[in-house]
Amino acid sequence: MKKTILTSICALGLVGTAWAETAPASELPIKVFVGANIAMTMPVWSNDLNNIMDTINTELPELNLGLGGEAGIKFGANDKIYNFGLSIAYDYMFDSAADIDYPYDQFVSEISTGFSAISIYFDNYIRFADNAGKRSDLVLGIGYTNGTERIQMTATQLGYAYGLSTTDGNDSGSFVGLKIGYLQQITSNLDFSAMLRIFIPTVSEGDLDSIFNVSAGIRYNF
C-alpha cells in the first residue's frame with residue numbers, strides 16, 4: 001500500500017509541474033493516439049522461488065515474447081520542448097516452458113509461465129531533436145499496473161501414478177510501472193516507439209521481484 005501511495009504522490013507532482021509550465025488546458029493542443037507493439041518480457045523471479053526450483057532441478061523461463069496495444073492522449077504543441085499525456089496499455093506475454101531435468105522430468109512433462117498486464121501511465125515527452133518539424137522525444141512515464149501471472153504444469157503418466165495432476169492457474173497483483181523510451185515522429189500522423197518498461201510488485205512476498213518489458217511499435221495520431 002505504501003508504494004501505491006508513493007506512486008500516486010509522484011504522479012501528482014509531475015502533473016503539477018507540467019501544468020505550471022504549459023498553457024491553460026483550454027489552449028493546449030491535444031492529440032489522441034492508438035498504437036501496437038511487439039515485445040520481449042524478462043521476468044526476474046524471487047530468490048525463494050528459484051531456491052524451490054533448484055531442489056527439483058528446474059529452471060524457470062527467463063524470456064517471453066508478446067504483443068501489446070495502447071491508447072492515450074498527448075497535450076502540448078509540436079514545437080514545444082515539453083509535452084505530457086495519459087495512456088493506457090495492455091500487454092499479453094505468451095507462455096514459455098521451463099527446463100526440467102532428470103529425474104523430475106519423469107513426473108512432469110512441462111511447466112510453463114506467461115503474463116498479461118493492463119497499465120495506466122502519466123507520460124512526459126521531452127524533445128531532444130527536431131528534423132524538418134519531426135520530433136524525437138525522450139519518453140518518461142510512471143503509473144499503476146494490474147498484472148496476471150499464468151502457470152501450467154502437465155503431469156506424465158508416472159506423475160499421475162504418484163499423485164500429481166495437471167494444473168492450470170493464475171494469480172493477479174498490483175505493480176508500479178516505470179517507463180523510459182524513444183518516440184520518433186515519422187509523419188504528422190505516425191510515430192515509431194521503442195520502450196523499456198519495468199513492473200515492480202507493490203508487495204514483496206511473491207514469485208516475482210520485477211518484470212522487464214522491451215517493445216518496439218508504431219502509434220497512429222488522429
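1. Start with the largest pocket: 22 residues line it, and D171, S172, G173, F175 and L208 lie nearest its centre. A pocket here is an open set of points on a 1 Å grid over the protein atoms alone, with protein on both sides within 12 Å along at least five of seven lines, and lining residues have an atom within 4 Å of a point. Keep in mind that this is a predicted model, where local features need pLDDT of at least 70, side-chain atom pairs count only at pLDDT 80 or more, and totals for chains, interfaces and linings use all residues. Residue numbers run from 1 along each chain as its sequence is written, and side-chain values use heavy atoms, with hydrogens and water left out.

2. How much space lies in the largest pocket? About 280 Å³, taken as the space filled by probe spheres set on the grid points, which are joined across faces, edges and corners. Its lining divides into nine nonpolar, nine polar and four charged residues. (Ala, Val, Leu, Ile, Met, Phe, Trp, Tyr, Cys and Pro count as nonpolar, Asp, Glu, Lys and Arg as charged, and the others, Gly among them, as polar.)

3. Now the strands around that pocket. β6 (108–131), β7 (134–155), β8 (167–185), β9 (190–201) and β10 (208–221) each supply at least two lining residues, and β8 has the largest share with five. Overall, the protein chain has three helices and ten strands (DSSP runs numbered from the N terminus: helices are H or I, at least four residues, and strands are E, at least two).

4. The largest cavity has a volume of about 90 Å³. β1 (30–45), β3 (64–75) and β9 each give two or more residues to its lining, with β9 giving the most, three.

5. The second largest cavity comes to about 60 Å³. Its lining has one nonpolar, five polar and five charged residues; K31, K74 and R135 are among them. Which strand has the largest share of this lining? That is β8, with three residues.

6. Last, look at S112 in strand β6. S112 counts as buried because its relative accessibility is 4%, and buried means under 20% relative accessible area (1.4 Å probe, protein chains only). Leaving out residues up to four places away in sequence, S112 touches D95, S96, A97, R150, I151 and Q152, where contact means heavy atoms within 4.5 Å.

Notes
1 Å grid on protein atoms, 1.4 Å probe; cavity = no way out; pocket = protein on both sides within 12 Å on 5 of 7 lines; lining within 4 Å. Buried < 20%, exposed > 50% of the residue type's maximum accessible area, 1.4 Å probe, protein only.
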